[in-house]
Amino acid sequence: MTLKLLTLIALIAVSQVRPASAETIPVRQTEGPTHGFLVLQTLDDKAIAEGDLIETLKGATVKTQTIFHFHDGSYYEETSEFSQHGQFRFLSDHLVQKGPSFKYPIDRSIDGSTGTVTVRYTTDKGEEKTESQHIDLPADLANGMFLTLIKNIDPSSAQTTVTVLAGEPKPRLVKLIITPEGKAPFLIGRSKREGIEFGLRAHIEGAAGVIAPLVGKQPADTHIWVFGGNAAAVLKSEGPLEPEGPIWRIATTNPVWPSDSAAK
């Protein structure tokens with residue numbers, strides 16, 4: 001398919017696209033100090049990394065760290081801060097990813113108070129570069145907050161839309177449409193429980209959004225499973241850690257004691 005034809009398709013489609021409106025998420029469940037253990041797996045259950053989810057609280061500001069140490073030496077860490085005064089509001093985010101598991105090594109910081117986005121990256125030629133730019137960040141920016149927001153979304157709402165900053169090394173604002181996709185039964189031992197599956201789909205506006213699926217640049221969907229109620233919990237998620245990355249599963253895990261391993 002030629003570039004001229006892609007452009008023509010985009011121009012026709014853009015005139016028919018309705019822009020997705022975004023919204024801040026009300027606080028239904030406040031966050032507090034938490035430390036959870038995580039495992040990162042391929043979809044065929046092969047573990048490729050272990051990590052931690054650490055959440056601390058200072059006043060009404062929540063700091064969340066998600067860290068993964070990969071078996072191949074790769075490293076991933078995202079640290080975000082947000083407030084929870086009635087509505088969840090983004091404050092800052094710092095993402096670091098490096099190693100053979102990632103297409104590009106990235107060190108990206110977002111300052112919510114100034115709108116400054118700084119990206120440190122390595123080019124295909126091995127050159128290290130740093131670029132900073134100002135972006136008008138919307139009130140519903142959700143970088144680093146998905147596992148918190150998903151617990152606070154009303155599952156009876158047909159659709160919820162937030163904004164994310166994505167696309168290194170040239171980041172842009174993208175709408176993320178969150179949709180409940182039905183009940184998901186699971187077991188805790190012999191006890192039957194029921195969760196809710198949410199689908200998260202990136203909506204790239206304008207001509208770029210029309211062309212992206214045609215040239216293989218549409219980010220893959222993410223799915224997150226939640227156990228609801230007054231103390232909602234995220235059960236697992238499946239999606240890419242970077243826009244064009246593979247689909248991986250993030251799940252909580254339990255410690256294994258040396259005595260247990262010897263017995264097995």
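Which residues line the largest cavity? I looked this up in a predicted model, where local features need pLDDT of at least 70 and side-chain atom pairs count only at pLDDT 80 or more, while totals for chains, interfaces and linings use all residues. Residues are numbered from 1 along each chain as its sequence is written, and side-chain values use heavy atoms, with hydrogens and water left out.

**Cavity.** I found the lining to consist of E23, T24, I25, F88, A139, D140, L141, M145, L149 and V162, taking as lining any residue with an atom within 4 Å of a cavity point, on a 1 Å grid where a 1.4 Å probe fits but cannot get out. My search of the whole structure gave one cavity of 30 Å³ or more, and I noted about 40 Å³ as the volume of the largest cavity.

**Cores.** I next looked up the nonpolar cores, meaning buried Ala, Val, Leu, Ile, Met, Phe, Trp, Tyr and Cys residues joined through side-chain atoms within 4.5 Å. The largest has 30 residues, and I150, I178, F198 and L200 have the most contacts inside it. Apart from it I noted another core, of 12 residues, including F70, Y76, L95 and W248.

**F70.** I placed F70 in strand β3, residues 61–70, a strand being a DSSP run of E with at least two residues, numbered from the N terminus. F70 counts as buried because its relative accessibility is 7%, the cut-off being under 20% relative accessible area with a 1.4 Å probe and protein chains only. Leaving out residues up to four places away in sequence, I listed its contacts (heavy atoms within 4.5 Å), among them L40, Y76, F102 and W248.

Notes. Helix = DSSP H or I, 4+ residues; strand = E, 2+ residues; numbered from the N terminus. Buried < 20%, exposed > 50% of the residue type's maximum accessible area, 1.4 Å probe, protein only. 1 Å grid on protein atoms, 1.4 Å probe; cavity = no way out; pocket = protein on both sides within 12 Å on 5 of 7 lines; lining within 4 Å. Points joined across faces, edges and corners; volume = space filled by probe spheres on them.
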